[in-house]
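User: I would like to go through this model with you, starting from the whole chain and ending with single contacts. Please keep to what was computed from the atoms.

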Amino acid sequence: MVSPDRDIAINTGNATVSIASGATIFVMSSTAGMIIYDLNQTKPKQVSVVVHKHKLILEPGHMLVLTRQKAKSFEELEANCHRVSYRRPEEINLPGDDMTAFAAGFSISSALTRIIPLKQLINSNEKRDQILLDKLIKTAVILGT
């Protein structure tokens with residue numbers, strides 16, 4: 001989970017993920033690909049991903065799956081992106097033919113109960129974790145997810 005106090009960029013080798021201060025994302029990576037869950041933003045366009053000079057802007061309650069797998073649909077992906085409830089998956093055309101990308105809306109409340117590191121926020125007694133959890137729950141309520 002990334003919730004920076006200052007703007008940061010993370011180079012994953014396949015992409016560069018930019019996260020502005022105030023935004024919260026969760027990133028899962030495996031041999032099947034990478035999943036970026038946008039959990040919260042305090043203002044628009046705080047989370048972006050650049051793949052092959054193609055910039056994608058994420059919004060809270062949306063996920064991005066990047067993989068080298070040549071899947072024809074979101075449901076065929078081997079990446080563990082089906083763990084949380086999702087809606088309206090769509091393929092994103094990227095330049096080059098080495099990466100495939102899919103975007104979908106997802107349920108933040110589902111992520112909080114099904115992804116173990118996020119689930120641990122619920123049981124944490126740390127003040128910072130509780131503040132973050134409150135923000136994520138508010139975002140989930142606002143988005144209706």
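The questions and answers below go from the overall fold to one hairpin and then to the aromatic rings.

Analyst: This is a predicted model, in which local features need pLDDT of at least 70 and side-chain atom pairs count only at pLDDT 80 or more, while totals for chains, interfaces and linings use all residues. Residues are numbered from 1 along each chain as its sequence is written, and side-chain values use heavy atoms, with hydrogens and water left out.

User: In what order do the elements of the chain run from the N terminus on?

Analyst: Helices (H or I, at least four residues) and strands (E, at least two) are DSSP runs, numbered from the N terminus. The chain holds 3 helices and 9 strands, and their order from the N terminus is β-β-β-β-β-β-β-β-β-α-α-α.

User: What radius of gyration does the chain have?

Analyst: The radius is taken over C-alpha atoms, and the globule rule is 2.2 Å times the number of residues to the power 0.38. For 145 residues a compact globule would come near 15 Å, and the chain agrees with this, its own radius of gyration being 15 Å.

User: How many of the residues of strand β5 are buried?

Analyst: Buried means under 20% relative accessible area, with exposed over 50% and partly exposed in between (1.4 Å probe, protein chains only). By this rule 46% of the 145 residues of the chain count as buried. Strand β5, residues 47-51, is mostly covered, the buried residues being 4 of 5.

User: Which residue of β5 is the bridge partner of Ser18?

Analyst: Two strands pair if DSSP finds at least two bridges between them. Strand β2 (residues 16-19) pairs with β5 in the antiparallel sense over 4 bridges. Within this pairing, the β5 partner of Ser18 is Ser48.

User: Which residue in the turn between β5 and β6 has a positive phi?

Analyst: Strand β6 (residues 54-58) runs antiparallel to β5 and is joined to it by 5 bridges, with Val51 opposite His54. The two strands form a hairpin with 2 residues between them, and the turn residue with a positive phi, about 50 degrees, is His52.

User: Why is the pair of Phe74 and Phe102 classed as it is?

Analyst: Rings of Phe, Tyr and Trp (its six-membered ring) pair if their centres lie within 6.5 Å, and planes under 30 degrees apart count as stacked, over 60 as edge-to-face and the rest as tilted. The whole structure has 4 aromatic pairs. In Phe74 and Phe102 the ring centres are 6.1 Å apart and the planes stand at 70 degrees, so the pair is edge-to-face.

User: Are Phe74 and Phe102 buried or exposed?

Analyst: Phe74 lies in the loop between β7 and β8 and Phe102 in strand β9, so their pair ties together parts 28 residues apart in sequence. Both Phe74 and Phe102 are buried.
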